[in-house]
Amino acid sequence: MEQRPSAILRIAAPLRSLVQRFMYLGLIAGAFGLMLIGKIDAVVIDKVRAEVTNVVAPILLGLSQPIATINQGVENVKDLTVIREENLRLQRENARLLQWQMVARKLEAENAALKALIATVDDKRPRFISARVIAGTLGAFSNTMVVNAGSAHGLKKGQAVLSDAGLVGRVIEVSNQSARVLLLTDINSRIPVVINSTRTRAIMAGNNTTRPKLIHMSPKARVSPSERIVTSGQGGAFPPGLPVGVVAAVSDGGVEVQLNARYHQIEFVRVADFGLAGFVDTSILAPGTGTSKPRGR
């Protein structure tokens, strides 16, 4: 019984050495055989390749699942990191907004108390009429536009015209179904404005260019670029605080204003009725003055 394993080992050792000796030659012969078969009958090789692919595909899929899972885990970790950073940023921003909200509420309360103390008359809520720009001229002689709303829609001469960026101009002609708007860039346009930071008053005069100029300013006024320009409310043609533009340049030639409105991109405007008809008769505004003509009594 003890001699049987040794006999098997004596027989298996030569067979193993024989197989190892001729394995390389067998693989080469098999490869050449497959190449010859592929040349002789490509259809058979394609079928064999398809069957082998069908057998190997589940194995490859099983091997790829852990890799895909690892990649997905890495992406999830990255997403969590981004979300955490975004959450921290939003928390800081929310804290700042809460601070501003507290300041705004405090200022609102103080403003209401001061108004009650001095018995300020509240401004009327404006009424807006939306209209489409259907024509316009932007040239060296005229800067106007035509909108598809008129007296039938409640438009009146002298009303302010605004875009989403700020003041555009004022209505100068009204028909039943259309109206003509004098733009702030027109040479006939004159509107009273104020520099928001220093409260310096001036008249913004159009010059048929994209940059109107400030005139009639105090000689001691100090003006710096990028300062905001808003309407002052003087003359009663416009209410105070309407955004107009910013100071673009200050030179010996004057102060130039870069308007907020981009006239070449305006498709719709809002004609605003601020309820100023009872304060100043805007129907008799003198062209290019921004103020009304005195009426004889």
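This is a predicted model: local features need pLDDT of at least 70, side-chain atom pairs count only at pLDDT 80 or more; totals for chains, interfaces and linings use all residues.
Residues are numbered from 1 along each chain as its sequence is written, and side-chain values use heavy atoms, with hydrogens and water left out.

Student: Which pattern does the protein follow along the sequence?
Tutor: Helices (H or I, at least four residues) and strands (E, at least two) are DSSP runs, numbered from the N terminus. The protein has two helices and twelve strands. Read along the sequence, the pattern is α-α-β-β-β-β-β-β-β-β-β-β-β-β.

Student: What percentage of the residues in the protein is buried?
Tutor: Buried means under 20% relative accessible area, exposed over 50% and partly exposed in between (1.4 Å probe, protein chains only). The protein has 297 residues, and the buried share of them is 26%.

Student: Is T144 buried or exposed?
Tutor: T144 is found in strand β2, residues 143–147. Its relative accessibility is 6%, so T144 counts as buried.

Student: With which side chain does the side chain of T144 make a polar contact?
Tutor: Contact means heavy atoms within 4.5 Å. Leaving aside neighbours within four places in sequence, T144 is in contact with residues including G136, V181 and D186. A polar contact is a pair of N or O atoms within 3.5 Å; within protein, one must be able to donate a hydrogen and the other to accept it, and residues adjacent in sequence count only if both atoms are side-chain atoms. At 3.1 Å, the partner of the T144 side chain is R180.

Student: How many salt bridges does the structure hold?
Tutor: A salt bridge is a side-chain nitrogen of Lys or Arg within 4 Å of a carboxyl oxygen of Asp or Glu. One of them joins R89 and E93, at 3.1 Å from N to O. The number in the structure is five.

Student: What separates R89 and E93 in helix α2?
Tutor: R89 is partly exposed at 36% relative accessible area, and E93 is partly exposed at 30%. A network of salt bridges links E86, R89 and E93. Because R89 and E93 are four residues apart in helix α2 (residues 42–118), their separation is about one helical turn.

Student: How many residues apart in sequence are the parts that R127 and D273 tie together?
Tutor: The side chains of R127 and D273 meet in a salt bridge, 3.7 Å from N to O. R127 lies in strand β1 (residues 127–138) and D273 in strand β12 (residues 268–273), so the parts tied together are apart in sequence by 146 residues.

Student: Where does R211, the salt-bridge partner of E256, lie?
Tutor: The closest N and O atoms of E256 and R211 are 3.4 Å apart. E256 lies in strand β11 (residues 254–259), and the pair ties together parts 45 residues apart in sequence, because R211 lies in the loop between β7 (200–205) and β8 (213–215).

Student: Over the ring of which residue does the charged end of R270 sit?
Tutor: A charge sits over a ring if NZ of Lys or CZ of Arg is within 6 Å of the ring centre and within 35 degrees of the ring normal. The charged end of R270 is 4.2 Å from the centre of the ring, which belongs to F128.
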